[in-house]
Amino acid sequence: MLAAQLALRDGLHAVGLTPLVAGQPQWPFAHRLAAEMMWIDPGHARRVAISGLCILFAVFLLLATLFRVGWKARLGLVSSAAAALIFAPWPAAHLLWAEATPTSLHRNASDFSPASILRGQALFQQHCKQCHGADARGEGPQANKLAMWPPNLAGGLLWKRLEGELFWHVRHGMRNARTGKETMPGTADIAMTDADIWKVLDYLQANAAGQTLRSVGVWERPVRLPRFQMRCRNGGERSSASFLGQRLLIALPSDDRAMQPVEDPRWVSVVLGSAADAECVPHDDQLLPALALLLGDTEQGARGQQLLVDRDGWLRARSKPGLSAWSVDDLICRAESGGAKPSTSANEQGIDALLRRMDDDPVRLVRAGFP
């Protein structure tokens, strides 16, 4: 559903029927197919699938009437097609359609880099914290003066909304659907560019990940490794994105030489700080504060921690200072109960068991393209 709508949007723009909005093709309709509901409600998904098959069957029967058959046969075909449509388990319209905005299908134009995350943090603290609170939990000093209390943006809400619709709400504000009263002001009176809004959304996602990790001990939604540049011993200047297909071990700065990671062929070691002999060394001063934000910690508190990144660029496991070895318990991004059953061998333990679990339980894109 999402792919079909993206193709329609881009096709209409390619023939000049729709303009660009905020740098991407506009979605020209007041509604969109709510593809994410197919994932959230399996019963709804079944009704959509069966109804779609009924439509295809009815179309096939009607096409069959175009061939030279008797009027009785045509009447039977038309009656069967009508019956297929009448008795189809049509899905509820409010589950099939969702109100749309011109930017509903937009993708975040930012690169989720440390600079983007920290710029978004500065903009949020400057323009948004009075209502949303410094921690984005919706309890700012001006929150009680609004027509509707701000939502908690430090949890899973951001992963349940399309990025383009979040962008539109920040840009143009929100109103009560029934009364029309403004519930959140837009940014019309604020010197905030489209690029700035995407950066604020980067920060909010990073902040929500850190707040969740600090409160419940795991990331309830997958978190991307921020994109940064580094210098590698055997590859010169490289981007973290160029390592897709390989695991990364990110070692945050530590004064304890014993905490430096041991090079291992199963991953590429990336050491923050002044470790001149490290396999790869980032040269981005904003990487440490960005990772600390993702960990829900201060820069000082994050020092000495190590992070494992899977082959697809998702942060998956964390080891804190003082722990002797990795184990499956260090996996802080994992499937909920009912996920893929790991195939860990009884002989595997420690880092071997952890890596096997990461490989057997990869992050998949579902719910309208979200992880």
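Reader: What percentage of the 371 residues in the protein chain is buried?

Author: This is a predicted model. A residue counts as buried under 20% relative accessible area. Of the 371 residues in the protein chain, the buried share is 44%.

Reader: How many helices and strands does the protein chain have?

Author: The C-alpha trace spans about 90 × 60 × 40 Å along its principal axes. Within the protein chain there are 12 helices and 14 strands.

Reader: Of the contacts with a separation of 6 or more, what share joins residues 24 or more positions apart?

Author: Contact here means heavy atoms within 4.5 Å. Take the contacts in the protein chain with a separation of 6 or more. Residues 24 or more positions apart account for 59%.

Reader: Is serine 51 buried or exposed?

Author: Serine 51 sits in helix H3, residues 42–64. Leaving out residues up to four places away in sequence, serine 51 touches Ala88, Pro89, Trp90 and Pro91. The cut-off for buried is under 20% relative accessible area. Because its relative accessibility is 2%, serine 51 counts as buried.

Reader: At what angle do the axes of helix H8 and helix H9 cross?

Author: H8 covers residues 163–172 and H9 covers residues 194–216. The crossing of H8 past H9 is right-handed. Their axes come within 10 Å, and the angle is roughly 115°.

Reader: How many nonpolar residues are in the contact of H8 with H9?

Author: H8 brings Glu163, Gly164, Leu166, Phe167, Val170 and Arg171, while H9 brings Asp194, Ile197, Trp198 and Leu201. By class, one residue is polar and three are charged. The nonpolar residues number six.

Reader: Which element gives the largest share of the lining of the largest pocket?

Author: About 1,100 Å³ of space lies in the largest pocket. Elements giving two or more residues to its lining include helix H6 (114–127), strand E6 (182–184), H8 and H9. The largest share is six residues, and it comes from H8.

Reader: Which residues lie nearest the centre of the largest pocket?

Author: The lining has 41 residues. They divide into 11 polar, five charged and 25 nonpolar. Val170, one of the H8 residues in the contact with H9, is on the list. Nearest the centre lie His169, Val170, Gly173, Met174 and Met184.

Note on methods. Residues are numbered from 1 along each chain as its sequence is written. This is a predicted model: local features need pLDDT of at least 70, side-chain atom pairs count only at pLDDT 80 or more; totals for chains, interfaces and linings use all residues. Side-chain values use heavy atoms; hydrogens and water are left out. Axes are lines fitted to C-alpha atoms, for helices over the stretch in contact, and angles run from 0 to 180 degrees between N-to-C directions. Helices (H or I, at least four residues) and strands (E, at least two) are DSSP runs, numbered from the N terminus. A crossing is left-handed if the near helix is turned anticlockwise from the far one by less than a right angle, and right-handed if clockwise. Ala, Val, Leu, Ile, Met, Phe, Trp, Tyr, Cys and Pro count as nonpolar, Asp, Glu, Lys and Arg as charged, and the others, Gly among them, as polar. On a 1 Å grid over the protein atoms alone, a cavity is a set of points where a 1.4 Å probe fits but cannot get out, and a pocket is an open set with protein on both sides within 12 Å along at least five of seven lines; lining residues have an atom within 4 Å of a point. Grid points are joined across faces, edges and corners, and a volume is the space filled by probe spheres set on the points. Buried means under 20% relative accessible area, exposed over 50%, partly exposed in between (1.4 Å probe, protein chains only).
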